[in-house]
Amino acid sequence: MSERTFQGYARATGSAGIRNRLLILNTTGLSELTARRIHAALPGSLFASTPFGGGMLGEDAQVHVDSILGLANHPNAGAVLILSADRPRCDIISNSLAKSGKPFHAIAYDDVGHDTLRMTDQGIRAGAVLSRDMSRHRPTSQPLSDLVIGLECGLSDPTSGLGANPLMGRFSDQMVAAGGTVIVGETLEWLGVEDRLAARARTPKIAEDIRQAVLRRERIAQDAGINLTGNNPNHANIESGLTTIEEKASGSSAKTGTQQISGVLKYAERPSGRGLYLMDAPSYSPESLTGFVAAGAQLMIFSTGLGNSYVSALAPTIKVSANKFTSQALPQQIDFDCSRLLSGGPWDEATARLAEHVADVASGSLTFGEILAEGSETISRFGASL
């Protein structure tokens with residue numbers, strides 16, 4: 001693993017990108033439809049947006065800004081077109097990109113006299129120039145260990161915990177041992193295994209952070225009068241054979257492998273170094289994946305038992321399944337079939353195949369999610385608005 005490389009795009013600061021795409025980044029709900037028009041007129045561009053804007057408070061407002069900055073500075077975006085109804089928010093992102101040296105152009109409603117058609121025209125023209133200039137960038141050989149990889153599971157069944165997630169855990173162990181970085185979230189799915197995770201923490205403080213993160217999520221559910229059985233696992237998990245949160249957590253946590261845990265991240269927080277990190281974040285995949293992306297993950301590995309088409313827009317997402325019936329029924333959704341593991345297939349061979357597949361996607365091979373445009377970004381919320 002330590003000698004494996006991929007063809008990526010070197011950036012002025014931070015990790016190399018595994019894609020070189022123009023990002024249309026809309027930062028306010030008022031300007032979203034205009035931004036979508038511009039995105040539709042620029043083939044090959046990526047789109048990320050938030051339906052929110054003014055009136056956000058405290059932690060919620062700060063996390064939202066941090067997440068948008070994380071998307072803007074993402075290594076897979078070779079250039080960024082910023083669109084906003086709010087000039088101050090536009091300026092925050094522009095200042096950050098100016099420091100990083102990433103090409104960008106920003107347009108706020110103030111710049112066009114609040115004329116959305118003028119914004120559309122200016123946005124298409126500016127995006128075309130950014131795309132042309134960005135296209136001159138060529139990939140070079142990069143060590144696979146420079147990747148930050150997010151690990152996710154969704155619509156799980158017993159095959160996820162018995163096959164796909166342990167396989168991802170083995171891959172995670174190899175990545176971390178080689179100097180790479182792995183992020184695993186879905187805090188509520190640590191419930192029941194938090195002590196086992198805490199035992200692998202690098203410091204007592206990190207161990208306590210793990211326990212407190214789980215306790216906080218459990219209390220949120222209790223305060224809302226929610227019985228976690230029936231909600232997480234959800235009805236699809238239960239019908240497929242996962243009947244309790246502890247049962248689901250045992251399989252979900254297998255993604256973390258066996259390496260030491262280097263820290264617990266807040267939502268959208270970038271790791272302070274290399275290693276294995278947990279992110280205290282919602283379990284719902286759209287929010288979880290965007291937390292990883294905003295933290296700098298260039299690639300996702302996402303296991304599913306029943307099938308789950310959702311992927312990140314910015315980070316190519318490899319769909320993995322150990323359910324042979326799902327893999328056969330969804331051949332244009334599942335990128336990596338590891339169902340042979342459940343009938344005695346060799347784990348070392350499957351781990352090596354997954355590592356090769358990751359390197360291949362990092363070098364430019366497309367996932368089905370990219371081909372079929374299944375991706376989006378969803379920034380999580382942490383409070384009410386005024």
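Mentor: Across the interface of domain 1 and domain 2, three residue pairs are in polar contact, both residues at pLDDT 80 or more. A polar contact is a pair of N or O atoms within 3.5 Å; within protein, one must be able to donate a hydrogen and the other to accept it, and residues adjacent in sequence count only if both atoms are side-chain atoms. Mind that this is a predicted model: local features need pLDDT of at least 70, side-chain atom pairs count only at pLDDT 80 or more, and totals for chains, interfaces and linings use all residues. Residues are numbered from 1 along each chain as its sequence is written, and side-chain values use heavy atoms, with hydrogens and water left out.

Trainee: Which element gives the largest share of the side of domain 1 that touches domain 2?

Mentor: Two elements give two or more residues to that side, β3 and α2 (58–72). Helices (H or I, at least four residues) and strands (E, at least two) are DSSP runs, numbered from the N terminus. With four residues, the largest share comes from α2.

Trainee: Why is one side of β3 and of β5 left without a neighbour in the sheet?

Mentor: Four strands make an open sheet with parallel pairing, in the order β3-β2-β4-β5. Two strands pair if DSSP finds at least two bridges between them. β3 (46–49) and β5 (104–108) are left open on one side because they stand at the edges, each with a single partner strand.
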